[in-house]
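Trainee: I have a model open on my screen and would like a close look at a single part of it. Could you pick one residue and walk me through its surroundings, step by step?

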Amino acid sequence: MIARLTLATLCLSGSALAADPPRGSWGRAGVSLDQYRTDAVECGRAGLSTDVSQMKAVKTLITASRQLDSVLTNQPSGGGAAPPPSSSGAGMLEIDPVALNTAQQVARITEGANPRARFREVRTALQTTTDQCLTGKGYVRFTLTRDQREHLEALRRGTPERHAYLHALASDPDVLARQRASVEVLPAQ
């Protein structure tokens with residue numbers, strides 16, 4: 001369990017903190033606010049319900065997690081804490097070889113799994129399903145201008161004002177024509 005938390009923490013800590021304002025959105029000319037929200041929820045759920053259990057990326061993460069569990073649970077028990085470093089007669093700091101070996105194993109497993117890349121692959125699969133759903137409903141991807149992104153970021157997430165602003169952009173045929181993004185919707189894996 002600790003290994004899974006460690007692996008997840010390593011993977012998510014950098015990406016969650018570095019979230020940029022959205023650069024694009026999806027729209028369909030003339031779509032009503034109610035239909036826009038219904039389609040967004042339906043396609044979002046379709047993406048989230050994508051079965052990724054057989055993906056190589058997921059299997060790699062599961063294997064790494066099990067290896068980390070094994071390394072971390074096979075530690076000698078000495079009251080739950082590593083022994084304090086000791087000094088040799090020459091004033092050199094001595095490092096516990098068991099702790100060093102454990103740290104090296106954890107580093108090798110984590111580097112070998114490349115969790116950031118594996119999570120990116122899973123996220124891409126989920127996004128692909130969502131994109132296919134939206135495309136199937138007639139939506140097109142469009143790029144937000146800098147002013148639009150700044151306005152959007154000034155609105156608190158989840159508020160009716162933010163939803164209304166996005167809908168106003170997403171349903172405007174002129175915005176969609178001027179700002180349509182070329183996006184390749186990949187087939188599901």
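Mentor: Happy to! Let me begin with a cut-off: a residue counts as buried when its relative accessible area is under 20%, and as exposed when that value is over 50%, with partly exposed in between. Keep in mind as well that this is a predicted model.

Our residue is Tyr 36. With a relative accessible area of 12%, Tyr 36 is buried. Leaving aside residues up to four places away in sequence, Tyr 36 touches Ser 25, Trp 26, Val 31, Tyr 139, Leu 166, His 167 and Ala 170.

How many aromatic pairs does the structure have? The count comes to one. That pair is Tyr 36 with Tyr 139: the ring centres are 6.5 Å apart and the planes meet at 40°, so the pair is tilted. Tyr 36 belongs to helix 2, while Tyr 139 sits in the loop between helix 5 and strand 4, so the pair ties together parts that are 103 residues apart in sequence.

Beyond its near neighbours in sequence, Asp 39 touches Tyr 139 along with Arg 28, Leu 134 and Lys 137.

The structure holds one disulfide, formed by Cys 43 and Cys 133 with their sulfur atoms 2.1 Å apart. The torsion about this S-S bond is about -70°, so the disulfide is left-handed. Cys 43 is in helix 2 and Cys 133 in helix 5, so this pair ties together parts 90 residues apart in sequence. Both cysteines are buried.

Next, turn to Ser 25 and Trp 26, two of the residues that Tyr 36 touches. Both are part of strand 1, which is covered on either face: Gly 24 and Trp 26 are buried on one side, Ser 25 and Gly 27 on the other. Strand 1 pairs with strand 4 in the antiparallel sense, over four bridges. In that pairing, Ser 25 has Phe 142 of strand 4 as its bridge partner, and Trp 26 stands opposite Arg 141. Which residues of strand 4 lie on its covered face, and which on its uncovered one? Val 140 and Phe 142 are on the covered face, whereas Arg 141 and Thr 143 are on the uncovered one.

The remaining direction is helix 7, which spans residues 160-170 and has Arg 162, Tyr 165, Leu 166, His 167, Leu 169 and Ala 170 as its buried residues. Among them are Leu 166, His 167 and Ala 170, which Tyr 36 touches. The buried residues of helix 7 pack against strand 1, helix 2, strand 4, helix 6 and helix 8.

Finally, a word on confidence before you zoom in elsewhere. The mean pLDDT of the chain is 81, and 75% of its residues reach 70 or more. Over residues 1-18, though, the pLDDT is below 50, and this stretch has 21 contacts in the model beyond near neighbours in sequence. Where pLDDT is low, the predicted coordinates should not be read in detail.

Key: Residues are numbered from 1 along each chain as its sequence is written. This is a predicted model: local features need pLDDT of at least 70, side-chain atom pairs count only at pLDDT 80 or more; totals for chains, interfaces and linings use all residues. Side-chain values use heavy atoms; hydrogens and water are left out. Buried means under 20% relative accessible area, exposed over 50%, partly exposed in between (1.4 Å probe, protein chains only). Helices (H or I, at least four residues) and strands (E, at least two) are DSSP runs, numbered from the N terminus. Contact means heavy atoms within 4.5 Å. Rings of Phe, Tyr and Trp (its six-membered ring) pair if their centres lie within 6.5 Å; planes under 30 degrees apart count as stacked, over 60 as edge-to-face and the rest as tilted. A disulfide is a pair of cysteine sulfur atoms within 2.5 Å. pLDDT is the predictor's confidence in each residue, from 0 to 100. Two strands pair if DSSP finds at least two bridges between them.
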